[in-house]
Amino acid sequence: MKKLGFGLMRMPTLDKTNAADVDIEQVKKMVDSFIEKGFTYFDTALMYNGSASESVAKTVLVDRYPRDSFTLATKLHAAFFDSMEDRDKVFGAQLERTGAGYFDYYLIHGIESSMLPKYEQFDCFNWLLDKKEKGLVKHAGFSYHDSAELLDKILTKYPEMEFVQLQINYLDWESEWVQSRACYEVAVKHGKPVIVMEPVKGGTLARVPEEAEKLFKNSDPNMSVPSWAIRFAASLDNVMVVLSGMSNIEQMEDNLSYMDNFKPLTDEEKTLCYKVADIINGQIAVPCTGCSYCLEGCPKKIAIPQYFSLYNEDMRENLEEKGWTVSYANYGILANKFGKAKDCIECGQCESVCPQHLSIVKTLKEVSAHFDS
């Protein structure tokens, strides 16, 4: 399998304020380019792109290509079941939405310490193995957001799990919280291949500070900035595939240009990535990846990841010199459709599902102080 996977999570939309309004024709072109180059791995989930992702997968992929010509992965998330029966209802609905007949890879979604008890209460690991036994799933595994210590315990307890999906990128490689390197090493220890999510950290590593961009361009002017992030993750020996949530045909073409005949980074190039990570860590305000899990249950419908992105952009600007940035206008456009940052009622729903464990309520107050004034 070639090491680039198409993450159907941040697909292009016709209405920029509606993630479910997917630009089907553009995605079809992206899928065609992807498959034409010999790439086969597609990753979806129930909540992606405003809960439209699995249905879009049917339209752009399953209905247009022979089933044995592509690899499809989806997931069971703890937020969508509350009984043994619910697990099968979710799975059945996923089969219907995708029209896939079976899933090549199926993941217990976003395991962390707060979610693990629910997955164990409803026996989800054995449930998934039963789906595999019945031929409805080819490979059973899970995606993970927690410490290397807990990952080691899970893989020891459930050795039948065949793979693990981890957040790995050069910015989080030595992160005390994300623990990309430590978790990767645990997967290697247990002999489990790794699928990489968030290699570009929700776009953060596609738009690096000018100082960092110059380092990359001086090293290789022909390589795009995000290519360094994708290639960093793909260069790890135990990585099976790197997921990229491509949002337009241009991103697709860029990724294909260097992943078609992939060459791992040299030690010198990896060191350069670590230098860039140090620069970025010195400037980033909110380490949000834009996964949008926080949006589903927000009672005030606050555009949390979008507001964090605008806030990060402004924090990298010389605000004393500029006084006003386009982020203020973009905030106003979003606020016309969604709740403002100041509308937060501090219910904590967002923090309970955030894979990055961000202090969202506190940060929304900072965003409000910046934009709502």
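This is a predicted model: local features need pLDDT of at least 70, side-chain atom pairs count only at pLDDT 80 or more; totals for chains, interfaces and linings use all residues.
Close-up 1. Together, W173 and Y184 make a tilted aromatic pair, 6.0 Å from centre to centre with 50° between the planes. The pair links distant parts of the chain: W173 comes from the loop between β6 and α8, Y184 from helix α8, and they are 11 residues apart.

**Close-up 2. F216 stacked with W228.** Here the ring centres of F216 and W228 are 4.6 Å apart and the planes meet at 15°, so this pair is stacked. F216 belongs to helix α9 and W228 to helix α10, so the pair ties together parts 12 residues apart in sequence. Now zoom out a bit: Y170, W173, Y184, F216, W228, F232 and Y274 make up one aromatic cluster.

**Close-up 3. F125 in the largest nonpolar core.** This core has 93 residues, and F125 is one of those that touch the most other members, along with F42, F125's contact F142, Y144 and Y170. Helix α10 gives the most to the core, with 7 residues. Beyond its close sequence neighbours, F125 is in contact with residues including I108, L116, Y158 and M161.

**Close-up 4. Charges over rings.** R67 lies over the face of Y102, 3.9 Å from the ring centre. Over at F81, the charged end of K118 sits over the ring, 5.0 Å from its centre.

Note on methods:
Residues are numbered from 1 along each chain as its sequence is written. Side-chain values use heavy atoms; hydrogens and water are left out. A nonpolar core is a set of buried Ala, Val, Leu, Ile, Met, Phe, Trp, Tyr and Cys residues joined through side-chain atoms within 4.5 Å. Buried means under 20% relative accessible area, exposed over 50%, partly exposed in between (1.4 Å probe, protein chains only). Helices (H or I, at least four residues) and strands (E, at least two) are DSSP runs, numbered from the N terminus. Contact means heavy atoms within 4.5 Å. Rings of Phe, Tyr and Trp (its six-membered ring) pair if their centres lie within 6.5 Å; planes under 30 degrees apart count as stacked, over 60 as edge-to-face and the rest as tilted. A charge sits over a ring if NZ of Lys or CZ of Arg is within 6 Å of the ring centre and within 35 degrees of the ring normal.
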